[in-house]
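Have the model open as you read, and take the points in order.

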Amino acid sequence: MPIEFKLPEHVENQTNLSKMLAVQVMRKISRHYDEHEHERPWEYINVIWPFMQQIEAADLKRSMRRNGGNGSKPKEGKKRPSTANVRLLHMIEALSWGDAGIYLDTPSSALAGAAINAVGTPEQKERFLKRFTEGEPKWGAMAITEPQAGSDTSAIQATATLDPETNEWVLNGEKIFVTSGSLAGKESPGIIVVWATLDRSLGRAGMRSFVVEAGTPGMTITKQEEKLGIRASDTVSIVFEDCRIPYDNILGSAELVKPDEKKTKGFKGAMKTFDASRPMVAASAVGIARAAFEFTRDKLAEQGITIPEYAPHHQLSAIQCDLIQMEMELKAAWLLTIRSAALMDAKQPNSIEASMCKVKAGKAVTAITQKCVELLGPLGYSREFLVEKWMRDAKINDIFEGTGQINTLIVARRILGYSRRELK
Ligand SMILES: Cc1cc2nc3c(=O)[nH]c(=O)nc-3n(C[C@H](O)[C@H](O)[C@H](O)COP(=O)(O)OP(=O)(O)OC[C@H]3O[C@@H](n4cnc5c(N)ncnc54)[C@H](O)[C@@H]3O)c2cc1C
């Protein structure tokens, strides 16, 4: 694939808009929502919603055209290469530079949309995603994690049972740490994609995802988390007690195959979602890292510490070396992240790149923000500035959508050609 570093004009325009929003809206309210964790940033939500509706509408149109859904024919012949994912990642990076927690409150189909796009039918895309193109702000969320199932998603205990009399799925179980869970579950006509098992004895092969509409009886938000970082974001626990949803809300096929047939379709659906969502987390990590790096670089410059353009390594001070190292990590993480998005845009497999960029960016952002606090001393530690907050906001990027260790394992398995059983 040719390497093109110049952004198309429409990507640049949207990125500039996100940067403006980051400076003029997000940075100004950043500390407030860090200190008022369970308030939602409506001044941001209301401003960004019209843009998100346009993005959702374009994504839906593209997805329907690709599938030949909505009565339209799949497009044939030479097409302009898509830039949708590269554009999205630039937007996420810029907004996370503004505030990563507030960015997570962005009204959109989010992970629910990624899951539906990965395994949903054209009818499901239309039914569940059209709402994000109109009306009041709405959110999507995805609930996989349970008290007994985190990294090992195949250990989920939540069940989905078919009631043959009503032809409804009945969900039971508990989900924890659901991002945007209360926004999607009760604030608006949002949706939550819930992972459950049809048959525990089948392990991964028994897993499926289901779309649950906000306000469905039997779905209860039981806890709002209090967190170390990204405190502006909404994170909740949800209990499903005999929660009934229509049969057609299952994503993908309900047909079960035995594990010895080596087909784990349901689980593969989750993995496909991660291929799209991991680069998004990496982009957010890069945004936070860039915020901390730029602030530190500028503060040090005020003290006369700058990076000379041409200087042999032995003439550099330790602080200058640190700054160069940080910039290098930041750029390496960003390039890997963009590559994973460009592959997605080119409709090429990107699983390994998605895990790679997630590992790299997760580690880069934690190391860079800690180093910034260290280099700035009291300025870094004081709540007068946002550096201490960026250090707290950083860590989650090495945890959700697969921890650093898990994504490293995934990369190692793929490079070395080992199965899950062979390399645990
Ligand atoms: C703020 C926040 C938001 C979240 N949002 C969502 C969401 O929207 N939806 C959702 O479903 N989940 C969400 N999560 C959950 C998140 O995805 C999980 O926390 C994550 O997958 C890790 O699972 P765990 O916490 O159970 O850790 P565990 O799986 O218990 O792991 C604990 C530690 O052991 C390590 N470890 C585990 N297995 C291995 C191994 N085989 N080799 C090496 N090391 C290993 C892990 O890397 C980790 O460091 C969120 C979590 C947080 C904190």
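1. Start with the overall layout. The protein is split into domain 1 (9-108 + 122-133), domain 2 (140-261) and domain 3 (266-416). Bear in mind as you look around that this is a predicted model.

2. Next, see how domain 1 and domain 3 sit against each other. Their centres, taken over C-alpha atoms, are 22 Å apart. In the contact, 18 residues of domain 1 meet 19 residues of domain 3. On the domain 1 side, the elements giving two or more residues are helix H1 (9-35) and helix H3 (84-104). H3 provides the largest share of that side, with 13 residues. Sorted by class, the domain 1 side has ten nonpolar, six polar and two charged residues.

3. Now go to the ligand. Which residues come nearest to the ligand, out of the 20 around it? They are Ile144, Gly150, Ser151, Thr179 and Thr403. Both domain 2 (140-261) and domain 3 (266-416) give at least three residues to the shell. Strand S1 (140-143), strand S3 (168-179) and helix H12 (404-416) each put in at least two. The class count for the shell is eleven nonpolar, seven polar and two charged residues.

4. H9 passes H12 in a left-handed crossing. On the H9 side look for Ile352, Ser355, Met356, Lys358, Val359, Gly362 and Lys363, which meet Gly404, Asn407, Thr408, Ile410, Val411 and Arg414 in H12. This contact has five nonpolar, five polar and three charged residues.

5. Stay with H9 and turn to its packing with H8. Helix H8 (residues 318-345) and helix H9 (residues 351-376) pack at an angle of about 155 degrees, again with axes 9 Å apart. H8 and H9 are therefore roughly antiparallel to each other. Here too the crossing is left-handed. Residues that H8 brings to the contact include Ile319, Met326, Leu330, Leu336 and Leu343, while those from H9 include Ala354, Cys357, Ala361, Ala364 and Ile368. By class, the H8 and H9 contact has 15 nonpolar, two polar and six charged residues. Among the charged ones you can pick out Asp322, Glu329 and Arg339 in H8, and Glu353, Lys360 and Lys371 in H9.

6. One more partner for H9 is helix H11 (residues 387-394). Are H9 and H11 roughly parallel or roughly antiparallel? Their axes come within 8 Å and cross at roughly 155 degrees, which makes H9 roughly antiparallel to H11. The crossing is left-handed. Val365, Thr366, Thr369, Gln370, Cys372, Val373 and Leu376 in H9 meet Val387, Glu388, Trp390, Met391 and Ala394 in H11. The residues of this contact divide into eight nonpolar, three polar and one charged.

Methods:
Residues are numbered from 1 along each chain as its sequence is written. This is a predicted model: local features need pLDDT of at least 70, side-chain atom pairs count only at pLDDT 80 or more; totals for chains, interfaces and linings use all residues. Axes are lines fitted to C-alpha atoms, for helices over the stretch in contact, and angles run from 0 to 180 degrees between N-to-C directions. Helices (H or I, at least four residues) and strands (E, at least two) are DSSP runs, numbered from the N terminus. Angles under 35 degrees count as roughly parallel, over 145 as roughly antiparallel, 65 to 115 as roughly perpendicular and the rest as oblique. A crossing is left-handed if the near helix is turned anticlockwise from the far one by less than a right angle, and right-handed if clockwise. Two residues are in contact if their C-beta atoms, placed from the backbone, lie within 7 Å. A residue is near a molecule or strand if its C-beta atom, placed from the backbone, lies within 6 Å of it. Domain bounds come from an automatic or database domain assignment.
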